[in-house]
Every structure is written in C-alpha cells, then in structure tokens.
Amino acid sequence: MNAEEPGEPTPPASRARSDGRTLLAIAGPVLFTPPAMALADRDFSVSGVPAVVVYVFLAWFVGILLTRWLARSRREGR
Amino acid sequence: MLGAGHVLTVGGGYLALLFIIAFLTDRLAAAGRARFLMSPVVYTLSLAVYCTSWTFYGAVGTAVRSGLEFVTIYIGPTLALMAWWLFLPKLVRVAKAQRVTSIADFLSARYGKSRPVAVLVTFIAIASITPYIALQLLAVSLSFTALVGEAGDGADTAFWVAVAMVFFVCMFGTRRLNADESQPGIVAAIAFESIVKMAALLAISLFAVLLLPRGATPGAAFEDWHRALAAVGSMRPDGEMRWLVLNALSAAAIVCLPRQFQVAVVENRSESHVAVASWLFPLYLFLMTLGVLPIAAAGLTGLPAGAEPDLFVLSLPLAHGSDVLAIAAFIGGLSAATSMVIVASLALAVMISNHLVAPELADRPGRSPTGLTSAVLFTRRVAIATVLGLGYLYSRASGGDAGLASIGLIAFAGVAQFAPALIGGIFWRNANRFGATAGLGAGAVVWLFTLLLPSFGVATGIVAMLRHVLLPEALAGADGVDPLVFGASLSLAVNLFLYAVVSLATKGEVIDELQATLFVDALHRGGPEPTLRRSAQRRDLYRLAQRILGPVRAHAIFQEKGFAVDEQPADSAFVAHVEREIGYAVGAASAHTLVARVATGEPLSVDAAITLLRETQDAMAAARALGVRSVELERTAAELRSANAALTDLLTEKDDFLSRVSHEMRTPLTAIRSFAELLAEGPHDAVRQARFIAIISSEAERLTRLLDDILDLGRLEAGMAPMHPEPIDVTAVARASVMAMEGFAERSGVRLRLEAGAPVPAHADADRLKQVVVNLISNAVKFSGGADEVVVEVAVEEGLATIRVRDGGRGISEAIRPRLFTKFAGSFDQDNRNGAGLGLAISRQIMAGLGGDLVLEDTGPQGTTFAARLPRDAAIAA
C-alpha cells in the first residue's frame, strides 16, 4: 500500500483526470513554444488563411475544450 | 465624420447607463435580490476587464505592425488558466480566510504581515498602472477625435471621462468598508461592459469579413486580403525570445495585475466559479482575438496606406459609411477603457489607503462614530481622484506619442515582479519577508531603469550601460536584444534570484513562519487555525476595534462570538479574528502592529515559536495519521464482516450437519429399538428371532459405518487424516476398485467396464484413492437407474491423471447440484434412501488432500460423469 495519499484515497477515475489536467498544463505551453510555432509556419494556407494562423487558433480552441472537459468532470467527480 | 454632439450624447448616455446599472444592482444586492451576481458567468465577464482599450484598439494595431505576436497577450492567460487548479483555488481560499483586500495586502499578509512589502507592492502598482490608466484615457480622446475630426479638439473627452469615472468609483466602490460585502454595483457594471466591448468588436469583425471580398481600395497597403492576412499572420523573424517573454508576462498578468487580482481573487464569490472561468474566460479571449484578424486584413486592404492601424476598428466602418457601427466601435472602446479605469483605480485606491495612509491615521485618537472607517473611505476617494488625475495629466503630457503606446507591456513587466513572491508564497514554506522585500525591491529598480524611465526618454544612459556590460557586443546595440525582452528578463531574473537566495540565507520572524503555514497548507489543513499565542483583555480589543471600525461594527464582532466586553482575557483565536477585521480597514500589517500593542499576553519567544510550529505540524501529522488509521479500520472492518459471514455460513452448515446426523442415526436406531422390543416381548420361533437379530446387526453395522464416515470426514477436514503418498499406478488402482465392486454391481444387475490403457504413474495414497473410486462406482451403480453399464475410464488429460466414472442414470437434479459435495447432500435425493450421503464429501476431501480434486463433469438424462483428477508426478506435500 504505497503511494496512496493518506486520508484522501483517490478513486482511479479522478486520478486519471488529475493526470489529464497535469498533461494539459504541460502540453499547452509546449504547443505555443517558438519551435512548435516554427513547425506550424508552413507555406500553405487554408482557404486564404495562413497555416500558422490556423494552427494557433485550432490548438487554442482544442486547449479550451479540454480545459472545459477536465474542469467539468472534476466538478462531477466531487 | 460624425457630429461631435451626437457622439457626446451617445457616449454620455452610455456612461449614464453604467451608473444606472451599478445603482440598481447595489439596491438589489442590498435587498438580497442580486442573485445573478452569484453566477460563474458574471465572474468570468468580470475577469474580462483584462481586455482594455489596449486590446480593443491596440490588438489590431499590433497585428498590423508586428504580425502574429499580438496573440501572445491572450494565449498567455489561457495557458495560465489551463493550470488554474494549481494556484487559483489556493489564492481564493487564502484570500477569503485572511480577509485580503488587494494583492499588496496578500503579499504583506504572506510575508509576516510586513508593512515594507505592502508599501513596495503599492508603489510598484502605482508606477505601473497609472500610465496604463493614462493610456485608456488617451484612447478615449483619440477615438473621439478620429470619429468627429477636428471638431473634437475642443471637447476634452479624456478629462470628462476621468471625472465621470472618479464619481462612479467613489459612488459604487467606496460605500462600505466591510469584509463580507464586495462591490456588487461595480461587478455588474464591469460584466455589462465586457458584453458591450465583445459585441462591438465582433460586430465590426463581421462587417470586416463582409468587406473582404470587395477587393482593395486604391491606395491601400495591400491589393488583396490574402496577402494582408498573410502579413498579419506572419511570425516576426528573430522574435522567438519576444514571443516567449510576452507569453510569460501575460500569463503572470492574469493574477498579478492589481485589477485582475481584484476581480479574480478578492471579488470571487465561490471557488466553483474558478473552474468555469478556467475555460469560459479563455473562450472570451479567443473570440476577441479571432475578431481582430478580419479587421486587420480589411483595414490593410480597405483603407489608405497611411491610416493609423490602432484606429482601424473605428476608421474601417467610418470609411465605408457605416456610422452606426462607428459609434458602436466608439462605445466598445469606451467600455473597454472605462472598465479598466474603474477596477484599476479602485484596486490602487484600496492599496494606497490601506498601506500608505491608514497606518498613519490609525494612531490618532478616533472621534468619529464610525471609527476610522469614514476616514479610510475618504482616503480612498481622494486616492481615486489622485490616480485618475495623474493618469489624465500623463495622457496630456505625452499627447499620444509612442511612449504611451508601449506602456501596456511595460506595465505587465512591472506587475510581473509580484509573480515570484506570489506563487512562491503559496508553495514555498521557507520564503520569508526579507527574500520577498529584496526580490521585489531589486526587480522593481531594474524594471524602473530598463523599461519605465526609458519609455519616457529619461535615464536612457543607464539602460545603455547595462546592455553594454551584460550583453555580448553583437547584441548590445539598438538592433540587438529587444528592449522589452532585456528589461523583463533582467528584472525578473534579479527578482527571482534575490527572493530565493535571501529567503534561504535569512530567517524570518515567528509570524513569517506562521503565515507561511497558513498560506502553503491552505487547501489541506484541518482543525483549528494556528494562531500566535497572544491574549488581550476583551475591553482593550473592543476599544481598538471601536477606534478603527466604529462602535457598530465592533459591537457586531463581539456579539458574533457571544463575548461580553469585560476584563476577561480573549483567547488567541479571537485576537486573530479581531486583527483580520481591523486589517480590512487598515491592512494586515498595521492591524498587526495595532493589535500587538494591546496584546499583552505571552511574550513570543523562540521556544514559543518552535512549539507553535511543532503544534501545527503535529496537528497535520495527526490528521494524516488519523486518515491512514481510518482507512485501515475500514479495511479491518471489511475483513471482519466477511469473516463473520463465513462463520455464520459455517454455523448454519454445522447445524444442518447435526440435524442430518441425528436424522440419519434415528432410522437405524428406531429399527434396532423396535426389533429389540419385539424380541423382548416374548418367545418367537427361531427363524423369526434369527431374522430380527440379523436386522439389528445390520442396522448396527450401518450405524457404525455412519459414525466411521463422520469421524473420517472430521479428520479429513481437520487435515488430520493419515495419508501415505507413494508412487502408484492409477490404472492399477482403478482396476482393483472395479474388481472390488464387481460383486455389488452384479447383484444390482449392472456391468462394470474399465477403459484403461498404459499405466499412469502418480504420487498418491493408493488406499485413499481406491476409497474414492469405490465410492464413485458405488454411487454410479446405485443411481444407474435401469441402465446396465457403468464405465470407469483412466486417462491423462492436461497433465492430470483422471479417473472418470460414468453412469447411465437419470442425472442429478438441479436443486442439489450446488450442495452435492457437502455433507449429506445425497439424502436430499429422492432415489437415495440408503446412502448416508457422506461419500462425496469424504471423496472430495481425500482428493483435495492428495493435491487433486473431484468434480461433477456432466449430468443430465443421458447419465452422470464424475471425474477425480490427480497431479501426475509432482511430489505431494502433506
């Protein structure tokens, strides 16, 4: 019986959720680092919108959706 | 161009509307009917005070001038909120528990209620935010001029907006001084303004999208919108460092800007709102930023090349003849500017009054019936007017040169100096007031000389010298490292370094360690709050509370706890409570000083401090241990429950067994008794007598057998039956069993057939195994039910020696199958009148003892098959 937080045994589902939150908190900044931006800065466009703009807004929006999903399941988990 | 009168009327009307909304909300809140303020949406909208006119007008300008870099200001907060659960709930919880009134108060409270920390934070905030307020006022007057042309020059809109804001904030922000009441009117107005500015920006954005396909106006900077958008969406070459720094600064700004701290932490109504805002506020920012793109692209293709990009939002609808949208843009910009001005000036005024002025007032004898409260509120009003006045003067003095335009980011860098102390303060126990003061002070000085002063063209020599000393030759020049990157990185590095090193090198006072515990462990600390061990006479405390808060409030505080005002000593918890209440008026630092004067109790020694901390830590350890113990107890209880259930089952089985044993014994005993009575009754002829005796003898034999079986089973179950495992041939055992049973089978008209091949070696007790096979054959013969054959088969299956006994009987009824191998199960069977039913139970125990098992393989109308299985050559223990 190690690693169990004493007093507050976490059910497995919420542990997965807290892993998800940690991953998101790390992945978010990584997706917007200059190297990631340089990778997205390609020479094509999606119906006139440059690729890097599409990337920024897409990654941003997905990040918001994931934050919402994790915040929500956290509240329901309580 | 629009008529100045129209625009002034609409603008004035809008400001009047703000007053009405705030007024009505205050009235509703006073009547307890402003439930809508308790919504997470309102909380999110109040966070959107982040979007100032710098966003509303400036984002388009930045996009046109520097490309995609403008998104960092909005992505930074999003990234910070993705990790909201790390810091926001803790900030909110601590701020509530400590009655925190501002970010200066928070930091001061964390670092041992240190007044120098509070004063330092207040000065940094004033230096960063006042020019920022000036920028808002300037935006209002510039947008007004852009809308009405030269006619607007006479009307000093910035001045009148500043005056209106002074009135507004004084009216709705400085009404009361009470920890339990926030500023509902202001929150409602801010939320409303957030809706207005977003609606305005999105409307103009939509208008811009519709304009795009029309193609370029002659003389525009770009010929088609694809190229314009490509320019807006381009990454600045060599802009990586700037990109990173801007992201980091805006992420820090979301809690470090005094106005953001005000709305996010101080005005927070419920911790659950934070979870909603963590995605809803980024969504707001996302939509605002998305709206910027079409406006920038349309401005670059639809306006003359020289047009000011900072005013595209206004000039675009104006140039295309949509006066209504132009007015909407003006109102949107006005709402963005006023919302920032309202919250920022209030936050600054609270800091100024609590940390700069009130500590000086607190020593004076109070005469007013409301204690210091009215003096504090008056100070706040003066502070609001001063801050806005200074802002206005700034905006006049700089007159729209480039100096003010960059102040937004410089302000971000200024307030980012709070970040190490703020975040370190809730996670790092050893951080103390000396570290915080050193870090904040040094960071602020570096920021002042590398960023703020140079932006006004003052002291540029110092920053040039710093660059020359610190940077390699190639990067030190004007086109080397970006000035913002240089100033922000250097100031934050110095700040962080001193904060950490000085904290480690020095030891704070007792109260530092106490407050550190309260802040760091805010989320997982149970039990009573650790307090400094003090005691004060209740009367002294009451006098103090009365002097600062006025008799009404002082009375209420004592009544809440049910304390009389007498000579009795008040305990340390109540002293701490009074101190917090006073702190709401005069700040944590001076409240602490004031209370320390009347708290004459135990002098605080190093010993007491250590005891105090040990008590705290002991309490935490005890709580943790209790948690562990309760988990253990729960586990033990579950084990006990299952053991109890098993025991109950055993008990039932035992009762069952006894009743069956008595039943089984009763039958032969009854026979023996009745025949014995018959014999005793009188003379019988020899034949009858012999028959009676034979019956008695056979029944007695049956009884003996039954008792033998019971004893045997008992021994087997207890594991005490002697077993003599040795290498044997299973086929030979099966053959011997068949031969032994042949006579019995023949009498019943059943033929026994052995199907066996080569010898199957195993390690077992041959006699016991034979007992099992004989029992199986005997059962098979008894229940063969008219079929004329019982087959005994020896085989090796899956590495197990298997003896299978198959009969052609009617099968075993479903009802007794589950209990087949328990004691006397057989006597349930209608067909089993003779068997005592212990056979199968004994056989299974024997097989288990031999390391194998006995199973019912198949049963049904076509017959029944039992299989006894043994491991082939493994040595059998016991």
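**View 1. Confidence along chain B of the predicted model**. Chain B has a mean pLDDT of 83, and 91% of its residues reach 70 or more. Two stretches of this chain are shown here. Over residues 603-607 of chain B, pLDDT stays under 50, and the model has three contacts for this stretch beyond four places in sequence. In residues 827-836 of chain B the pLDDT is also below 50; this stretch has 15 contacts in the model beyond near neighbours in sequence. For the model as a whole, the scores are ipTM 0.84 and pTM 0.70.

**View 2. Packing of helices α21 and α22 of chain B**. Helix α21(B) spans residues 433-455 and helix α22(B) residues 460-470. The two pack at an angle of about 145 degrees, and their axes are 8 Å apart. The crossing in which α21(B) passes α22(B) is left-handed. From α21(B), the contact is made by B:Phe449, B:Thr450 and B:Pro454; from α22(B), by B:Thr460, B:Ile462, B:Val463 and B:Leu466. By class, the contact residues are five nonpolar and two polar, with no charged residue.

**View 3. The side of chain A that touches chain B**. Contact between the chains involves 29 residues of chain A and 32 residues of chain B. On the chain A side, the elements giving two or more residues are α1 (12-31), α2 (34-40), β2 (49-50) and α3 (51-77). Of these, α3(A) gives the most, with 13 residues. The residues on this side of chain A comprise 18 nonpolar, five polar and six charged.

Definitions and conventions: Residues numbered from 1 in each chain as written. Chains lettered and ligands numbered in written order. Predicted model: local features only at pLDDT ≥ 70, side-chain atom pairs only at ≥ 80, totals over all residues. Axes fitted to C-alpha atoms, helices over the stretch in contact; angles between N-to-C directions. Helix = DSSP H or I, 4+ residues; strand = E, 2+ residues; numbered from the N terminus. Left-handed = near helix turned anticlockwise from the far one by under 90°. Contact = placed C-beta atoms within 7 Å. Nonpolar A, V, L, I, M, F, W, Y, C, P; charged D, E, K, R; others polar. pLDDT = per-residue confidence, 0-100.
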